[in-house]
Amino acid sequence: MSKIQKTDHFYLIDGSGYIFRAYYALPPLTRKSDGLPTGAVSGFCSMLFKLLEDSKSNENKHKPTHFAVIFDSARKTFRNEIYSDYKANRSEAPDDLAPQFEYIRKSVLAFNLPSVDLINYEADDLIATYVDQILKKGAKVTIVSSDKDLMQLFRNKVRIFDPMKNKFISEEDVRNKFGVDPSKVIDVQALAGDSSDNVPGVPGIGVKTAAELINKYGNLEKLLKSAHEIKQNKRRETLIENKDKAYEIMDVNLMAVNEIFQKFKNDILIHGHTHRPKIHQEKYGTRYVLGDWEKEYYFLKINKTIEFINEKIE
């Protein structure tokens with residue numbers, strides 16, 4: 001793809017979220033020949049196929065022109081360098097799920113779609129980077145994810161579809177969840193923390209209190225600069241004492257948009273690429289195989305018809 005048009009519409013799929021949803025949705029399945037677990041692969045493919053079919057149906061008034069499936073690269077990321085216990089409460093992937101990761105990524109390629117990840121970063125970071133660049137070109141985005149952290153990306157020309165709830169997220173949904181508009185979600189998280197990621201907040205401050213403070217002062221920086229003005233003694237002292245912690249958690253929650261942009265803009269930015277993708281002619285037609293994504297990355301335009309390759313992946 002050489003240029004983003006204002007009429008383009010990008011679908012960005014949180015592939016990692018799909019994996020775990022698929023794994024827990026189906027009973028264990030195995031390949032008869034060698035006992036390889038395949039339940040998550042099967043469920044993932046079914047979910048992705050349905051999404052593709054729904055996206056090009058006549059009922060969809062906002063059809064995508066571009067499509068990509070984006071994954072977390074590994075459990076450890078740059079966030080662990082900022083806060084060592086980030087996601088330390090998460091257990092390792094189940095023994096019968098871990099062997100399926102490779103095949104799930106291969107299945108995405110079998111759909112003739114890009115499978116994207118980047119070492120040291122999460123899918124959220126990549127999605128946020130692409131959203132930033134797409135909007136700068138005036139195009140539109142639909143994010144497909146149930147991850148609450150991505151709610152901070154909700155804005156004009158950005159839709160978020162929650163596949164777990166089978167609904168599009170509204171600004172009201174974001175306010176009901178965090179008590180603030182989407183642009184201030186990370187400010188609230190910096191104060192309240194996120195127990196699901198093992199990220200502590202400022203002691204004694206939950207989402208409700210954090211939202212109240214951010215709505216009053218505007219953002220985290222203004223709040224902390226004015227902390228000495230707060231009348232409640234305990235709250236004032238807690239904020240002053242935990243100022244550095246709040247900033248640290250803010251850094252953990254920030255998407256690595258600028259870092260990724262500066263690091264790879266000459267190779268993989270979605271307004272163009274400097275390396276052509278490898279193309280192989282196979283019996284199912286043209287299949288685009290992605291190599292090192294730092295050198296060969298692009299968004300594949302959706303074909304008018306989508307064939308699902310219902311065959312064992314070798």
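Are Tyr18 and Phe44 buried or exposed? Select both side chains and you will find that Tyr18 and Phe44 are buried (under 20% relative accessible area with a 1.4 Å probe, protein chains only; exposed is over 50%, and partly exposed is in between).

Before going on, a word on the model. It is predicted, so local features need pLDDT of at least 70 and side-chain atom pairs count only at pLDDT 80 or more, while totals for chains, interfaces and linings use all residues. Residues are numbered from 1 along each chain as its sequence is written, and side-chain values use heavy atoms, with hydrogens and water left out.

**Stop 1: the rings**

Searching the whole structure gives six aromatic pairs (rings of Phe, Tyr and Trp, the last by its six-membered ring, with centres within 6.5 Å; planes under 30 degrees apart are stacked, over 60 edge-to-face, the rest tilted). Helices here are DSSP runs of H or I with at least four residues, strands are runs of E with at least two, and both are numbered from the N terminus.

Now pick Tyr23 and Tyr24: their ring centres are 4.8 Å apart and the planes stand at 80°, so this pair is edge-to-face too. Tyr23 is buried at 16% relative accessibility, whereas Tyr24 is exposed at 60%.

Then show Arg105, whose charged end sits over the ring of Phe71, 4.5 Å from its centre (CZ of Arg or NZ of Lys within 6 Å of the ring centre and within 35 degrees of the ring normal).

**Stop 2: the largest pocket**

Select Ser16, Phe20, Asp72, Lys87 and Arg90, which lie nearest the centre of the largest pocket among its 47 lining residues. Helix 1 gives the most to this lining, with seven residues. Colour by class to see 18 nonpolar, nine polar and 20 charged residues in the lining (Asp, Glu, Lys and Arg are charged; Ala, Val, Leu, Ile, Met, Phe, Trp, Tyr, Cys and Pro nonpolar; the others, Gly among them, polar). A pocket is an open set of points on a 1 Å grid over the protein atoms alone where a 1.4 Å probe fits, with protein on both sides within 12 Å along at least five of seven lines; lining residues have an atom within 4 Å of a point.

**Stop 3: Ser195**

Finish at Ser195, in the loop between helix 7 (185-192) and helix 8 (207-217). Ser195 is exposed, at 66% relative accessible area.
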